[in-house]
Amino acid sequence: MSALAALTLLSLKLNFRNRMAILYGYLFPLIFLVAFWALYRNDPVPLALHIGQLLTITVLGGACFGLPTTIVAERERGVWRRYRLLPARLWVFIVSVLAARLVLLVSAALLQLALGFAFGMPWPAHAGALTIGFLFTAFAFMGLGMTIAMLVDNVPAVQALGQCIFLPMLILGGVAVQLESLPLWAQHVSVFFPGRYAVEVLQRAFTGAGLGGSFFDLLALALTGLAGAIAAAGMFRWDRSFAPNKAWLAVAFGMWLVVGAAAELRGQVAISRSADTQPVGTSRDYAPGAKSTADWHAVTEADFETIAFDRLPSDQGIIAPVSRSDAAPDPAIVPLLDRIRDGLPGWAPGNVADPVQRTRNLLAVAAVPDILEMEQVERFVPRLVFARLQAVIPPQDLPKILYWIAMHPDAGDDAAIHQLDDLGLPDVSGATKPVHARIMIYAFKLLGRLTGKIPPI
Amino acid sequence: MTSVLAVHGLQRRYGAVTAVDGISFEVGAGEVFGLLGPNGAGKTTTLESILGLVRPDAGRIEIEGDADPARARAKIGAVLQATGLADKITPREALTVFGAFYSAPLAPQMLLERFGLTEKAHAAFDTLSGGQKQRLALALAFAGNPRLLLLDEPTTGLDPRMRREVQDHIAAIRQERRAVLLATHDMAEAERLCDRIAVIAQGRIVATGAPRELIAASGAATLEDMILKQTARA
């Protein structure tokens, strides 16, 4: 066996004999996963929409805590001073440490994914992209871990410095707290933390478009890792008695600034969902000249002419979105969409006798994912609902009912909003007024399609 | 005597301080050569220069006639101060992994038997006694079947019984035609183990020879007295 392989194998064995390493390396990632599962248990797809965060936390912990802790502890004990006596070049020792760490990170991630699958998480949409994204993430954070390892003298200092990097990255860097939950200023801060790019590239690989659109994220991670590696090489020491040249830190952390500045220049820093919870107006905003009618039977085509369909939010926006007819849903959400489509015919609120309430209930199926900001899901459900409505409401009645609902969004019964779990969607708790507003918008949008006022796309 | 180690005019400065100032000596096969002198005399710098850990400012170091530091290190086994092993590594694992760095390593089992570590072959390093740890350090120095052994105060901190154990192992090396360079503060150890010694003071060799010859030549009663006399002059 080569020296490199023997040393790598030894590093792995020693890691598995260290209880704390097992705790931090394997148990903590699983605890995070269970915590996320409990926290987001109402997610339409268990854990899938948070796996980028979870995997990033796993890599961050293993590479920025585990890796430097191992190296610094060995250096404190004189292990590296002993290694130095061996007839081998430095890279053999460094590569063996990194190779062993990569094996540990991959195994921890696989364990985490396995538990996620047990909780019902779907398979990743792009396994190859996920692998590539994971390797880039590992490279970035191992570079950082090596920088920490060369900088500090003892294990407590690793923990202290690690926390100084770990916690801001978790809270402000979009790793533990989703970016869209952060205020705008924090989203601007997040671009200066590599954790954001890791989350984005991993999440896109799992539930998004794969590596498409991830070039900048991958570049950011590669540059972060490279800068960390250069800084670590500049500060390398076999023995703690040699003081590192801390000027090299400017290379490692300067790259964070460079990457962040580049992200700012590119734009697309802010991920704003705040508009999604803003009031979308009243029916009068969209039909200023509408006259009141006694009931839906009295609605005429002349009433449709009062609607300013061009005032409706764009189908491609974030308020009441509707997917293009030629858009393919991400494979990760296909099971949920199948469940909704297959479940709608048997869904009791969608079969109530009153056609207005029936329509209102079915529109709620589209409105709730929208109001809950279910990325990926929210724009595909409306098409399922529109198809169902056209199947269960007579064509001559449907435009009139939609108009009626749009003009009276707060009427009717809300019971259906609390029965969505039958379709695999979370129930809405609290005030339902925002849901009524989205029902109104979707009623207008379908009416526009039925009357030809909104061109089909 | 065939020379295994030859040091010619070795010089090393740290800023304004000259740690080693033109040291020259040779160590032959089957010889134990001692480096003695006060702290800071330049013993460790000399050893580190031979190992290639420190780049000399001047001078030449040859191992079996080869002056290439990278090739030389493959022929050297060393026990230096302040080196250690991971807490949970076992002696067998350490010997196996360290042996993997050499082209013709000695078998771990043979080394375990030789250094009395067979029963502890699978014990974690942090459970070994001080003597066992030092015997393992010696065994590791042998892992690559070296021609030259550099031992920097290998018995420091050991109790008398453990010290004697380690010294017995060093004495046995002489029979194998390997060369040993031993840096020590222990006069009894030097007298017992070393064929020749060099007394170093302020980076220079102030006396060289067999311990008894040096004692006799200096008129001192003991090796310690001789060294104190020699180093006081320097």
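What percentage of the 457 residues in chain A do buried residues make up? Buried residues account for 53% of chain A, where buried means under 20% relative accessible area, exposed over 50%, and partly exposed in between (1.4 Å probe, protein chains only).

This is a predicted model, in which local features need pLDDT of at least 70 and side-chain atom pairs count only at pLDDT 80 or more, whereas totals for chains, interfaces and linings use all residues; side-chain values use heavy atoms, with hydrogens and water left out. Residues are numbered from 1 along each chain as its sequence is written, while chains are lettered from A and ligands numbered from 1 in the order in which they are written.

The model has an ipTM of 0.88 and a pTM of 0.75. For chain B the average pLDDT (the predictor's confidence in each residue, from 0 to 100) is 90, and 99% of the residues score at least 70.

Chain A contains 18 helices and zero strands; helices (H or I, at least four residues) and strands (E, at least two) are DSSP runs, numbered from the N terminus. The C-alpha trace of chain A spans about 95 × 40 × 35 Å along its principal axes. An automatic or database domain assignment provides the domain bounds, giving domain 1 (2-266) and domain 2 (283-450) in chain A. The C-alpha centres of these two domains of chain A are 44 Å apart.

In chain B, strand 1 (residues 3-14) runs antiparallel to strand 2 (residues 17-28), with nine bridges joining them; strands pair if DSSP finds at least two bridges between them. The two strands form a hairpin with two residues between them, and B:Gly15 in the turn has a positive phi of about 65°. Strand 1 of chain B is also joined by five bridges to strand 4 (residues 58-63) of chain B, again antiparallel. B:Ala6 has B:Glu26 as its bridge partner in strand 2 of chain B and B:Glu62 as its bridge partner in strand 4 of chain B.

Over all chains, the structure holds 27 salt bridges, each defined as a side-chain nitrogen of Lys or Arg within 4 Å of a carboxyl oxygen of Asp or Glu.

A:Arg17 lies in the loop between helix 1 (3-16) and helix 2 of chain A and B:Glu93 in helix 3 of chain B, so the pair joins two chains. A:Arg17 is partly exposed, at 33% relative accessible area, whereas B:Glu93 is buried, at 12%.

A:Asp153 is partly exposed at 32% relative accessible area, and A:Arg237 is buried at 4%.

A:Arg196 and A:Glu200 are four residues apart in helix 9 (residues 194-207) of chain A, which means that about one helical turn separates them. A:Arg196 is buried, with a relative accessible area of 3%, and A:Glu200 is buried at 17%.
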